[in-house]
Amino acid sequence: MAHSWWEIRVICDPGLEDIIFWRLENFGCRGTASEMKNNYCLISAYLPEEQAGLLDLAALSLYLRQDALCSGLSLPATQWNLIDEEDWASSWKVHWQPQEIGDRFLIYPAWLPVPTTSERLLLRLDPGMAFGTGTHATTQLCLESLEMRLGFGSTENAPIIADIGCGSGILSIGSILLGAKKAYAVDTDPLAVDAAISNRKLNRILSHQLNVEQGTIDRLIKTIDGPVDGLMCNILAEVIIDLIPQFEAISKPTTWGVLSGILLEQAKPIADTLEQHGWVVATLWRRQDWCCFNIRRS
């Protein structure tokens, strides 16, 4: 049976882009994308009709206005309308263009012709309804962190990676393209698992290089052959805090980690929890209101 989707469009000051992405993600939106229009940012997001009513959408609009007031920026304009299921997936793709990230990556929408020449690592992606297109600051920070970790390593000591909350699989795929030996990716959302598997095939990565399953750390413990060399976790800060005590079960003394999805105001409780469970924050990278922890065992 066909369903309808809410198409939510927000015109805002570019300084509000990250916080609006965060609000929309927490609201349950999928297929979020942004583009610049003159001096303003246009953000488009999609949500199944049954997950929100008009009062919910009105409340979301108020939250976005309050965020702007707190930031001292101009108020965003929010509008929404219903579209048919067959239209929603293609609607947001119009706004998503190839994007260079860091020094190595070119994130390339799967529906565009493959470029004939590029000096960058081509990461083709069709996120479907999963989070992770490369447009969000947290995903960019994670990919840039992976570049620093893997970009100049020896293939003889290629690491094995765990990606917790893999979404579209963008970080796992990125790690393989950078030379990781293997990645284990898990997500609790079956739609994300499907997207990650599809993107694995799209990038011609074999299943023995990138293992994708539904679940979380409990599933990883049953799947991996031994402790991993690195772990990635780009999800909500509240979920990361709950997961940190379980990191040890898949880690060894030399394991490193990249954590993001964390607002600056949430950085201290994350850092405190890491310290309590035997982790050291090696570096903390910031992009606007978001940060990325690069961690190692103490």
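In the predicted model, R204 is found in the loop between α6 and β10. R204 is exposed, since its relative accessible area is 78%, and the cut-off for that class is over 50%. The backbone at R204 has a phi near 55 degrees, a positive value in a residue other than glycine. Most residues other than glycine have a negative phi, and most peptide bonds are trans. A positive phi near 55 degrees is also taken by Q288, in the hairpin of β13 and β14, where 2 residues lie between the strands.

Helix α4 covers residues 137–150, and its 14 residues should span 20 Å at 1.5 Å a residue; the end C-alpha atoms are 20 Å apart, in agreement with that expectation. Of the 14 residues of α4, 12 are buried, so the helix is largely enclosed by the rest of the structure. The buried positions of α4 include A137, L141, C142, L143, E144 and L150. S145 also lies in helix α4, and counts as buried because its relative accessibility is 0%. Leaving aside neighbours within four places in sequence, S145 is in contact with V258, W285, C292 and N294. L146, likewise placed in helix α4, is buried with a relative accessible area of 0%.

The largest nonpolar core has 31 residues, of which F105, I107, L143 and L146 touch the most other members. Two or more residues of this core come from each of β6 (105–109), β7, α4, α5 (170–177), β9 (182–187), α6 (190–202), β10 (210–214) and β12 (251–263). The most is given by α4, with 5 residues. Not counting residues up to four places away in sequence, F105 touches Q99, E100, R120, L121, L123, L143, E147, G174 and L178. Apart from this core lies another, of 26 residues, with C233, I235, L259 and A267 among them. In soluble globular proteins, nonpolar side chains tend to be buried together.

L122 is found in strand β7, which comprises residues 121–125. L122 is partly exposed, its relative accessible area being 25%. Beyond neighbours within four places in sequence, the contacts of L122 are L106, Y108, V114, P115, L177 and N203. Between the C-alpha atoms of L122 and G169 the separation is 14 Å, for positions 47 residues apart along the chain.

Strand β3 (residues 40–48) has 8 of its 9 residues buried, so this strand is largely enclosed by the rest of the structure. Strand β1 (residues 4–12) is joined to β3 by 8 bridges, and the two run antiparallel. Within this pairing, C12 stands opposite C41 in β3. Strand β14 (residues 290–297) is also mostly covered, with 7 of its 8 residues buried. Antiparallel pairing links β14 to β12 over 6 bridges, and G257 has I295 in β14 as its bridge partner. Strand β13 is joined to β14 by 8 bridges, again in the antiparallel sense. In β14, F293 stands opposite L284.

The structure holds 1 aromatic pair. The ring centres of F247 and W279 are 6.1 Å apart and the planes meet at 85 degrees, so the pair is edge-to-face. F247 lies in helix α8 (residues 237–247) and W279 in strand β13 (residues 279–287), so the pair ties together parts that are 32 residues apart in sequence. Both F247 and W279 are buried. The ring of W279 also has the charged end of R297 over it, 4.7 Å from the ring centre.

Technical notes:
Residues numbered from 1 in each chain as written. Predicted model: local features only at pLDDT ≥ 70, side-chain atom pairs only at ≥ 80, totals over all residues. Heavy atoms only, no water. Helix = DSSP H or I, 4+ residues; strand = E, 2+ residues; numbered from the N terminus. Expected span 1.5 Å × (residues − 1). Buried < 20%, exposed > 50% of the residue type's maximum accessible area, 1.4 Å probe, protein only. Pairing = 2+ DSSP bridges. Contact = heavy atoms within 4.5 Å. Core = buried A, V, L, I, M, F, W, Y, C linked by side-chain atoms within 4.5 Å. Phe/Tyr/Trp six-rings, centres within 6.5 Å; stacked < 30°, edge-to-face > 60°. Lys NZ or Arg CZ within 6 Å of the ring centre and 35° of its normal.
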